[in-house]
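Okay everyone, thanks for coming. I'd like to walk you through one protein chain today, so let's get it up on the screen.

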Amino acid sequence: MENFNIMAKDYDTKRRIDRASVVSEEIRLHVVDGKIKSALEYGCGTGLVGMNLIKDFKTLFFMDSSINMIEQVKQKLNVLNKPTDTAICCDFIENTPKYIKIDYIFSSLVIHHIKDTENILSRFFNMLHDEGKLLIVDLNTDDGSFHANHSDFNGYNGFEQSTLVKVVEKAGFKNVNSKTFYHGSKVANGNDKPYSLFILDAMK
């Protein structure tokens, strides 16, 4: 598995920044009345996606289990003169914060790292207000190329959208829809390998 604490300082590469711009634009299309609502980015990393959306919500929390990633987020919040207490280091699987109830939860390229998908979806469901929305951006099923440079990766090689939709519905969500919106490439074993991303939109 990638060591995100080690990666944090040099995480913001041009490819990731460019991809985050497209991802945040797609998420924005699924947000209604965000300026009067709260949101949480789960697995925020250095906040590449969330920082693009920080003005779209009344309150935006950044959550990641890597303390070094959260430190990068806090530095960015300082530059924007935003309160750093919205950046939270937390292992969501082990310790879901009880004090936060949210209108929107979104994540980008995170869920495929989590083997117990049903558990994390259940925690999202419980954290959302009624009629709150879950927005998942993740990898369409690939041949393993996306994580080819990480020999100890033990998550999923993306998802079949129809399969994930059923798992999300099983967790209690309704009005679940998904679509592919992004095509890119990533260097794997010295070669550029294509991949694509989808967004899944669901309501509590």
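So, what radius of gyration would a compact globule with 204 residues have, and what does the protein chain have? For a compact globule of that length you'd expect a value near 17 Å, and the protein chain comes in at 16 Å, so the two agree. Before I go on, please keep in mind that this is a predicted model.

Let's stay with the overall picture for a moment. If you put a box around the C-alpha atoms along the principal axes, you get roughly 45 × 40 × 30 Å. Of the 204 residues, 51% count as buried. Now look at the contacts between residues with a separation of 6 or more: 68% of those link residues 24 or more positions apart.

Next, the secondary structure. How many helices and strands does the chain have? The count comes to six helices and seven strands. Reading from the N terminus, the order goes α-α-β-α-β-α-β-β-α-β-α-β-β.

To find your way along the pair, look for Asn-177, which stands opposite Asp-201 in strand 7. The two strands make a hairpin with two residues between them, and in that hairpin Asn-189 has a positive phi, near 55°.

Where is Asp-33 in the chain? You'll find Asp-33 in the loop that links helix 2, residues 14-28, with strand 1, residues 38-42.

Then there's Glu-131, again not a glycine, with a positive phi near 65°. This residue is in strand 5, which spans residues 128-139. Is Glu-131 buried or exposed? Its relative accessible area is 58%, and anything over 50% counts as exposed, so Glu-131 is exposed.

Definitions and conventions
Residues numbered from 1 in each chain as written. Predicted model: local features only at pLDDT ≥ 70, side-chain atom pairs only at ≥ 80, totals over all residues. Heavy atoms only, no water. Helix = DSSP H or I, 4+ residues; strand = E, 2+ residues; numbered from the N terminus. Buried < 20%, exposed > 50% of the residue type's maximum accessible area, 1.4 Å probe, protein only. Rg over C-alpha atoms; globule rule 2.2 N^0.38 Å. Contact = heavy atoms within 4.5 Å. Pairing = 2+ DSSP bridges.
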